[in-house]
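I set out to look up a few places in this model and to note what was found at each. The entries follow in the order in which I made them.

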Amino acid sequence: MEKLDVKFVEKAQQDISQAKNIVIVSHKNPDGDAIGSGLALYHLLKNKNKNVVFVVPNQLPVYLNWMNAYAEILNFELNKEKGLEILDQADLFLMLDFNHRSRLSDMGDKIINSKAAKILIDHHPNPEEIAELIYSRTSASSTAEMVYEFIESVFSLEDINKTIAECLFVGIMTDTGSFSYNSSNPITFGIVSNLLKREIDKDYITDKIYNNYSESRLRLLGHAINTNLRVLPEYQAAYIFLSKKDLENYNFQPGDTEGFVNYPLSIHNVVFSAIFIEKEGVTKCSFRSKGSFPANIVSKENFNGGGHINAAGGESKLGLSETINKFEEILPKYEKFLKQNKS
Ligand code: 5GP
Ligand code: MN
């Protein structure tokens, strides 16, 4: 288990004990790690009788709607007035699973300019200096793993009850694709082992997350792969695209396209995969890669994004087909990384 710096721990303990209104925040398009990490701390602070609110910039994924206190998370985009009031009143922000203010969307300015104390816990590379206290560990599988360590140092492992263990497990499991990547460090399994000792029902959680979709979501996946998949063997790359019409035709719900981007990586010799999804005014881009191919560099250099080496995302202001054209055009620049991987 990683031990947090003593000074960090003392200051965090002081900030938390002094705070009257604690606000937990995470990134836009929150995923299992964002929600799992946030809800774990939310439950823990509630158990300590703290006044705490969990706010996210926009829509929550439907596939997590079974989680304890999911309905208490405030969607800032839908509740701006209440959201602004909560941000204004905060005297401590716990910032989870993001490394840059841009990931907070509209909430960013308010939070960054706030005089409230701030603690950032995150596993993305190169965190921006947006908090006095920053716990950064890029070797961590997930922010949830780091929240476990934070709880161990700042509170006590005894504070992790079954509900909190479940939240942390969701974060670790979803950010590692059910322990298929980013999870070779024994620390991760040590933590998971301790979570399982809280008698969480691993099989139930897995079933709720991966087998909780609508029929139309499965058909959307079928359409995406059958009709909208392009493979570019010369670049060991493949991508999927989904237009607004596709999403409409299959009754898209937030979270429905989660995981689609991984499928092209199952093709022999494909080491770089992308998905482009047409949204209101932007094209959402997600990238996944294998080995040393840097998905985050491609995203940062071309699609206003970032992330981890093997999992990154971004956004393009161009339309769907222009974004795809751009992607095909820039691929030759990254051939040097592709060749290295060829087997
Ligand atoms: P996803 O493809 O699941 O949306 O995101 C994969 C990874 O890329 C996550 O670690 C996430 O933090 C990062 N990411 C996704 N979208 C963006 C974005 O718009 N900007 C940045 N900087 N990172 C992103
Ligand atoms: Mn994460």
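**Entry 1. Helix α11**

I began with the face of α11 turned away from its buried side, which carries the exposed residues K300 and E301. The model is a predicted one, and I read every entry below with that in mind. I then turned to the buried residues of this helix, which spans residues 295-302, and noted A295, N296, V298, S299 and N302. Viewed down the axis of α11, these buried residues fall within an arc of 165°, so they line one face of the helix. I recalled the general rule that an α-helix has 3.6 residues a turn, so residues three or four places apart point the same way.

I next asked what covers the buried residues of α11. The cover includes the strands β9, β10 (283-289), β11 (306-307) and β12 (311-316), together with helix α12 (320-330). Just after α11, I found N304 with a positive phi of about 50°.

**Entry 2. Helix α9**

I listed S216, R217, L220, L221, H223 and A224 as its buried residues. Seen down the axis of α9, they fall within an arc of 165°, so they too line one face of the helix. On the other side of α9, I recorded E215, L218, R219 and N226 as exposed. Among the elements that cover the buried residues of α9 are β7 (229-232), β8 (237-242) and α10 (244-249).

**Entry 3. The manganese ion**

Which protein residues are the donors of the manganese ion (ligand 2)? I found D33 (OD), D97 (OD), H123 (NE2) and D175 (OD), lying 2.2 to 2.4 Å from the ion. Along the chain, the donors follow the spacing D-x63-D-x25-H-x51-D. The pair D33 and D97 links distant parts of the chain, the two being 64 residues apart. I located D33 in helix α2 (residues 32-47), and D97 in the loop between β4 (92-96) and α4 (108-113).

I then checked the accessibility of this pair. Taking under 20% relative accessible area as the cut-off for buried, I counted D33 as buried because its value is 0%. D97 also counts as buried, at 2% relative accessibility.

**Entry 4. Ligand 1**

For K284, I noted a polar side-chain atom 3.0 Å from a nitrogen atom of the ligand. S286 places a polar side-chain atom 2.6 Å from an oxygen atom of ligand 1. For H308, the distance from a polar side-chain atom to an oxygen atom of ligand 1 is 3.3 Å.

N126 has a positive phi of about 50° although it is not a glycine. I placed N126 in the loop between β5 (117-122) and β6 (133-136). Q236, also not a glycine, has a positive phi near 50°, and I found this residue in the loop between β7 and β8.

Is each of these residues buried or exposed? N126 is exposed, with a relative accessible area of 71%, whereas Q236 is buried at 4%.

**Entry 5. N75 in strand β3**

I located N75 in strand β3 (residues 74-75). With a relative accessible area of 9%, N75 is buried. I traced the side chain of N75 to the backbone nitrogen of E77, which it reaches at 3.0 Å. Leaving aside its neighbours within four places in sequence, N75 is in contact with V56, P57, N58 and Q59.

**Entry 6. G259**

My last entry concerns G259, in the loop between α10 and β9 (272-278). At 27% relative accessibility, G259 counts as partly exposed.

Note on methods:
Residues numbered from 1 in each chain as written. Chains lettered and ligands numbered in written order. Predicted model: local features only at pLDDT ≥ 70, side-chain atom pairs only at ≥ 80, totals over all residues. Heavy atoms only, no water. Buried < 20%, exposed > 50% of the residue type's maximum accessible area, 1.4 Å probe, protein only. Helix = DSSP H or I, 4+ residues; strand = E, 2+ residues; numbered from the N terminus. Arc of directions from axis to C-beta. Contact = heavy atoms within 4.5 Å. Donors = N, O, S within 2.8 Å, 3.2 Å for Na, K, Ca; no water. Polar contact = N/O pair within 3.5 Å; in protein donor to acceptor, adjacent residues only side chain to side chain.
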